[in-house]
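Dear colleague,

Please find below the structure that I am handing over to you.

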Amino acid sequence: MRKIAFALAALGLAAGQAGAQEVTLRVVSAFAENTTYVKNLEPMMKKLNAEGKGVLQLNFIGGPKAMPPFEVGNAVRTGVVDIGMTTGAFYTNIMPEADALKLIQLPGHELRKNGGVDLINRIWNEKANMQYLGRVIDYTPFHLYLTKKIDKPDLTGLKLRITPVYRDFFQALGATVMQTAPGEVYTALERGVVDGYGWPINGIFDFNWHEKTKFRVDPGFYSAEVSLVMNLDKWKSLSAAQKEFLMRHVIAHENANDSWKKVNEDDIRKQAAAGIQVIRFDQKYVDRAYDVAWTNAIKASPTYGPQMRKLFSR
Ligand code: 173
């Protein structure tokens, strides 16, 4: 009798450690399934799932076919999904602070050390019911792409496709703007509804926009941010071991973001080969971009704006 009880207890213990508490987290992406951004996440999810048996699994549900990109933030906030791969600009409907992630000038390991990630989590917890996990795209500036030539940083008379990333800057330079999801850019260009668009240095080939793009304006500005964010209640429901396991994989992935440097060099070459010409402005153009963005970020968030500026800037 005692032997059986002991065996059952041992079994229960083993099950508790290994299998009984495995949790599966549902992941959606604001970026399309077949793009570089999702392809970059896939090996990470595969590795995590291989090592996480009995602990934690990620179930990738899909991209914009599963959920409109600008809805992903709210779906994470409310717990409709557990994790979103998205960018702050896509959930400014929740809080204006989200868009400030594009202004981060430090790599992940420095932002974790200087308190930047702690600040993000204070804000994200409080205002968005989200836990900020980590960044999956870094070292990647945004650019203005055009179908028409310009010879000075004056966008008067141009209609440009934007998201909140570019809105204030392009408007400050005189442009008329129109917000669209990435999936609508090609048609807007094709129909001549817009004369250009904002987008990172990488990725335009994923959508065939190179076919409609004649010019890229250099230098780039800000830093394209795509991150994993998690529903806060779900995060809190994880055990310490599950949190540690998840964060170990996310941070390892974040620390591999240098890989984007090569992707970006390749895309610059491909853009040149596709006949996209470079229009070059000076550093004042970039300084203006940051000035406009921080001024507005601080206006929109008088409490957190200055704190973010201090910890996000070089
Ligand atoms: O242009 C966009 O759709 C946008 O805001 C963005 C943000 C981060 C990465 C890629 C695009």
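Predicted model: local features only at pLDDT ≥ 70, side-chain atom pairs only at ≥ 80, totals over all residues.

Residues are numbered from 1 along each chain as its sequence is written, and side-chain values use heavy atoms, with hydrogens and water left out.

The ligand

The ligand is surrounded by 15 residues, and the closest are Arg161, Thr163, Val165, Tyr166 and Trp199; a residue is near a molecule if one of its heavy atoms lies within 4 Å of it. Polar contacts are pairs of N or O atoms within 3.5 Å. A polar side-chain atom of Tyr166 is 2.5 Å from an oxygen atom of the ligand. For Arg161, a polar side-chain atom lies 2.8 Å from a ligand oxygen atom, and for Thr163 the corresponding distance to an oxygen atom of the ligand is 2.8 Å. Taken alone, the ligand exposes 300 Å², and the protein buries 100% of that (accessible areas by the Shrake-Rupley method with a 1.4 Å probe).

The space that the ligand takes is the largest cavity. On a 1 Å grid over the protein atoms alone, a cavity is a set of points where a 1.4 Å probe fits but cannot get out; a molecule sits in a cavity if more than half of its atoms lie within 2 Å of its grid points. Helix H6 (164-172) and strand S8 (196-200) each supply at least two residues of the shell around the ligand, and S8 gives the most, with three residues. Helices (H or I, at least four residues) and strands (E, at least two) are DSSP runs, numbered from the N terminus.

Two helices

Helix H2 (residues 36-51) has 16 residues and reaches 24 Å from its first C-alpha to its last, close to the 22 Å expected at 1.5 Å a residue; the expected span is 1.5 Å times one less than the number of residues. Its buried residues are Tyr37, Val38, Leu41, Met44, Met45, Leu48 and Asn49, where buried means under 20% relative accessible area (1.4 Å probe, protein chains only).

Helix H9 (residues 240-254) has 15 residues and reaches 21 Å from first C-alpha to last, close to the 21 Å expected. The buried residues of H9 include Phe245, Leu246, Met247 and Val250, and also His249 and His253.

Backbone geometry

Asp218 and Pro219 are joined by a cis peptide bond, with omega about -5 degrees, and Pro219 is placed in strand S9. Asn129, although not a glycine, has a positive phi of about 50 degrees; Asn129 lies in the loop between helix H5 (116-128) and strand S4 (130-137). Tyr222, also a residue other than glycine, has a positive phi near 55 degrees. Tyr222 is found in the loop between S9 and strand S10 (226-231) and is buried, with a relative accessible area of 6%.

Ile204, in the loop between S8 and strand S9 (215-221), counts as buried because its relative accessibility is 0%. Ile204 and Asp267 are 63 residues apart in sequence and 8.4 Å apart in space, C-alpha to C-alpha. Ala75 lies in helix H3 (residues 72-78) and counts as buried at 7% relative accessibility.

Yours sincerely

Notes. Buried < 20%, exposed > 50% of the residue type's maximum accessible area, 1.4 Å probe, protein only. Polar contact = N/O pair within 3.5 Å; in protein donor to acceptor, adjacent residues only side chain to side chain. 1 Å grid on protein atoms, 1.4 Å probe; cavity = no way out; pocket = protein on both sides within 12 Å on 5 of 7 lines; lining within 4 Å.
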